[in-house]
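Reader: I would like to learn how to read a model like this one. Could you take me through a few features?

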Amino acid sequence: MTQQNPTPPRKNRRKGPDWILHSLSILSVTGWVTFVIALGITHFAKPEFNSGLVRYWGIKIRDYWHPELTPQLMYLLWWCCGISLLSLLVNRARLRRAGDRMRYNVLVLLSMSAALLTYLYQVI
């Protein structure tokens, strides 16, 4: 007869969010704030809208991306990608317990900033 020694379930020693989970939240908020700032810079850096009324009155408009704001926009978007990748890597290392969750908002931030970077590299 074999004797089975059932192992007792592991005790969850985590008593709430630690400093790593707080830093993940701060990274997420920082990434989204950086992305919103990048969207604001995009508004000012993009070419101006060429409507029929503008052509009729002969108003001069800028039909190219702003040369001073576009590099700043690219740096901000690269920072967004870096912040979201760092947050994803740290979160992936922390997914050990049943109560831990994947932060999908960081995935959305990474995909949106990468898509905007891809668009800008194609246009410029």
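Author: Gladly! Ile59 counts as partly exposed because its relative accessibility is 45%; buried means under 20% relative accessible area, exposed over 50%, and partly exposed in between (1.4 Å probe, protein chains only). This is a predicted model, where local features need pLDDT of at least 70, side-chain atom pairs count only at pLDDT 80 or more, and totals for chains, interfaces and linings use all residues. Residues are numbered from 1 along each chain as its sequence is written, and side-chain values use heavy atoms, leaving out hydrogens and water.

Reader: Where is the place of Ile59?

Author: Ile59 sits in the loop between helix H2 (52-57) and helix H3 (69-94). Helices are DSSP runs of H or I with at least four residues, numbered from the N terminus.

Reader: Is Thr42 buried or exposed?

Author: Thr42 counts as buried because its relative accessibility is 13%. This residue belongs to helix H1 (residues 19-45).

Reader: Which residues does Thr42 touch?

Author: Contact means heavy atoms within 4.5 Å. Leaving aside residues up to four places away in sequence, Thr42 touches Trp65, Leu73 and Leu116. Its side chain also reaches the backbone oxygen of Ala38 at 2.7 Å.

Reader: What is the average pLDDT of the protein?

Author: pLDDT is the predictor's confidence in each residue, from 0 to 100. Here the protein averages 87, and 88% of the residues score at least 70. Where pLDDT is low, the predicted coordinates should not be read in detail.

Conventions:
Helices (H or I, at least four residues) and strands (E, at least two) are DSSP runs, numbered from the N terminus. A polar contact is a pair of N or O atoms within 3.5 Å; within protein, one must be able to donate a hydrogen and the other to accept it, and residues adjacent in sequence count only if both atoms are side-chain atoms.
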